[in-house]
Amino acid sequence: MAVIDVHTHMISAAFLDRAIAEGRPHYLRTRTKAGLDVITYDGAPYMTLTPPMFDYELRLRDMDAAGVDIAVVSVSGPTYWGSPEVSAAAIRLQNDDMAAGQAAHPKRIRFLASLPWQYPALAVEELKRACDRGAVGVMVLANILGRHLTDAEFAPVWREIDRRFLPVLVHPTAPPGVKELGFEVYNLTAAIGFMVDTTAAIARMIFDGFLDRYPHLKIIAAHAGATLPYLAGRLDICFDTMPACREKISTPPSRYLKRLWYDTVTYQQESLALCLQVGGTDKVMYGSDYPHNIGDMTGILARVDALPAAEREAVRGTNAARLFAIDVA
Amino acid sequence: MTTPSIDVHTHMLNKQWFELLRQHGKPRYEVKRSLDYPAPEGIHLDGAPFMTPQEGHFDYEERIKRMNEAKVDLAIVSLTCPNVYWGGEAISLEAAKIVNDDMARAQKQYPDRIRWIASLPWEYPNAAINELKRSVAQGAVGVMVLASINGASLTEERFAPVWKAIDDLALPVLVHPTAPPGTPHMDMRQFNLIASIGFMFDTSLCFARMFFDGFFDRYPNMKLIASHAGGTLPYLAGRLEICFQNMVACRTKTQRPPSEYLRHIYYDSVTFTPEALAMAIKVGGAEHVLYGSDYPHNIGDMKGCLARVDALPDAQRKAVRGENAKRIFKI
């Protein structure tokens, strides 16, 4: 089975330049003592820039070396900034850049559309445009300028995604409260903060009944569900014993966890196994987080290949081919 | 003979403490009507439901009855959040004394069934150290600390004298979560998200910071118990490790990888699936996991948590049921 990577990133240099110009004062670009180019968010390191983020040739060479056949690329970086016009124009440029990557490498590259979610009407427009250009799904950050994905203002975007049966990669960014959380040291945004962001967003979707409102929605919880597989039992007992957790849903959270999709961006065999157990063999898809500094196409694929045969094939590519309707014949 | 079961994560409150909190907890902590039927009142943090006292929190007789039903032999009781970190120095110390004295009394009344761990006014290190000594003299077998103290990290310099005093006494410390810093920004008012998710992050962030900060290298005798089966740490163990390997910022203060610290700390068994418990044991080691129940919180579950421990392979079962707790608390 072909290997399909559903969590792997590219960013257009022009888009990033605009992000840094427009994203002040939250986002800044600095160079560390070790000579690394780093984007910071509210004073805490947010992402380290690496050359393959901008270069499809480099990416394809690394994919060849790792044995990865197809990459479903998405942006990782500051995405929601600027006035409506500036934001929409920049995101068009970013999606067009990925569409060009897909056109140039039709057997190797697919892409997820970025959208100017903070301007919902523009986001719906851009969704249509990006799909016309070949987007196979959508990426959304787990909070939009501190607002929840379940907020009513975003409903028109979700409705359109739902109508189109599109998969959505829910990918973390820095959670609200970076300063209060003291993330400026030890890259704690990456180690812990991103996991907080995804977990909180998806737990909220579950308790809010959000997933019941959009029956066709296919949510991919990034980084092997962040921490959700480990907390599945806790979510259920909260549902069982706390009325506030049953205000909007009547099914235990663990059942919703079976309705989600997951990538394999975790760095321990036991976590991958737990994710498969909680989410289901048909719901976990290979993902690498390449080319971030903790991305690891080879190591993560080795963990997938160490799974029992039936799980291995599903996770390597069968599940992703089905979800994204990718023809891998 | 079955190994006696020792519950290391189980709570008691006290009415006087509760009334003091009602008076002095504002503006952050407010006691008001709770949605969590049948408990009439809940403690709210910045308006968000935060901790709901149950009747069992105040009643030792009831506790012993429940322990008998669940076949729990010994409880090492502790206060819970928001602990005594409110009201200024005099009130914080008064609250600690009320709770510690009450627990010391309970231990005298039920010497075969109750041990306790001390709460301290951490924000006032001198008072905290004095109360630590007083508590130990009264029989405290360990210390409780919340994973963040009104937003401050436990690694902050101002807490160092308290840690030093605890390290000198080689006492185990239950690191118990409260609402994590940033809670108002993350907006966890709805769906009791502080309890389901927030607490888990408070603990995880606290320990991740300690690992990267080299905290354990400074306190050689320190035995910290990460509540709720480590929050989310066991699941994130690989992620912490690759951050350490690939990010310079994670190696500025320590040369030891997170995986070493993860085998150095202790975990309770307050998790609600056998798979999560197995993962905590795998990451921490069977000698480092201790039975805990979170009784009598609304999600506390003496029987269920013990049943999962009893379902473990024999050697692990004995260690987790009580042998590990006996060893580290010197019972």
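**From the chain interface to the sheet**

In this predicted model, 47 residues of chain A are in contact with 50 residues of chain B. On the side of chain A that touches chain B, at least two residues come from each of α6 (178-181), α7 (188-208), α10 (228-241) and α12 (269-279) of chain A. Sorted by class, this side of chain A holds 29 nonpolar residues, alongside 13 polar and five charged ones.

Two of the helices named there, α10(A) and α12(A), also pack against each other, with their axes 8 Å apart and at an angle of about 45°. Because angles under 35 degrees count as roughly parallel and those from 65 to 115 as roughly perpendicular, α10(A) and α12(A) are described as oblique to each other. The contact brings A:P229, A:Y230 and A:A232 of α10(A) to A:L274, A:C275, A:V278 and A:G279 of α12(A), and the residues of this contact comprise six nonpolar and one polar, with no charged residue among them.

Turning to the strands, chain A contains an open sheet of eight strands in the order β1-β5-β6-β7-β8-β9-β10-β11, with parallel pairing. At the edges of this sheet stand β1 (4-9) and β11 (284-285) of chain A, each of which has a single partner strand, so that one side of each is left without a neighbour in the sheet. Within the order, β6 (residues 109-113) of chain A pairs in the parallel sense with β7 (residues 137-141) of chain A, over two bridges; at the level of residues, A:L112 has A:G137 in β7(A) as its bridge partner.

Conventions. Residues numbered from 1 in each chain as written. Chains lettered and ligands numbered in written order. Predicted model: local features only at pLDDT ≥ 70, side-chain atom pairs only at ≥ 80, totals over all residues. Contact = placed C-beta atoms within 7 Å. Helix = DSSP H or I, 4+ residues; strand = E, 2+ residues; numbered from the N terminus. Nonpolar A, V, L, I, M, F, W, Y, C, P; charged D, E, K, R; others polar. Axes fitted to C-alpha atoms, helices over the stretch in contact; angles between N-to-C directions. Parallel < 35°, antiparallel > 145°, perpendicular 65-115°, else oblique. Pairing = 2+ DSSP bridges.
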